[in-house]
Amino acid sequence: MPSFLAVTGPKNDLWLVRTVAVLIAVIGIVLVLAGFKNRVTEEIKWLGILSAAGLIFIDVYYSLNNVISNIYLLDAAGEIILISGWLLAGRRGLAHTTKA
């Protein structure tokens, strides 16, 4: 936490920082496990795209309105790269399920 606060600035609600960190970690773990197991479904793909898009909106909106540090714009750039990867991958690597 000290290094995070040193880079991003002071925070009043550290419980919220931890909550967001847990949610982002869970999303990341699900995406990584789906990739390792070659079970990337359309839903997993959209989880990756939409969660990254949501983080971009938060990073950009609140940075430009001087609510959070501009360092978050670097995070937005990383999220754009992740979305680009999902979109470039297209349907390649998506798991195909059969309906019973």
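Which residues in α3 meet which residues in α4? In α3 they are I44, K45, G48, I49, A52, A53, L55, I56, D59, V60 and S63, and in α4 they are Y72, L73, D75, A76, E79, I80, I83, W86 and L87. Contact means heavy atoms within 4.5 Å. The residues of this contact divide into 14 nonpolar, 2 polar and 4 charged. Ala, Val, Leu, Ile, Met, Phe, Trp, Tyr, Cys and Pro count as nonpolar, Asp, Glu, Lys and Arg as charged, and the others, Gly among them, as polar.

This is a predicted model, where local features need pLDDT of at least 70, side-chain atom pairs need 80 or more, and totals for chains, interfaces and linings use all residues. Residues are numbered from 1 along each chain as its sequence is written, and side-chain values use heavy atoms, without hydrogens and water.

The chain averages a pLDDT of 88, and 93% of the residues score at least 70. The score is the predictor's confidence in each residue, from 0 to 100. Two helices mark the lowest and highest confidence in the chain. Helices are DSSP runs (H or I, at least four residues), numbered from the N terminus.

| Helix | Residues | Mean pLDDT |
|---|---|---|
| α1 (lowest) | residues 2-8 | 83 |
| α3 (highest) | residues 42-64 | 95 |

How do α3 and α4 pack? Their angle is about 155°, and their axes are 9 Å apart. The two helices are therefore roughly antiparallel (over 145 degrees).

G85 is in α4. At 39% relative accessibility, G85 counts as partly exposed, between buried (under 20%) and exposed (over 50%), with a 1.4 Å probe and protein chains only.

Terms used: Axes fitted to C-alpha atoms, helices over the stretch in contact; angles between N-to-C directions. Parallel < 35°, antiparallel > 145°, perpendicular 65-115°, else oblique.
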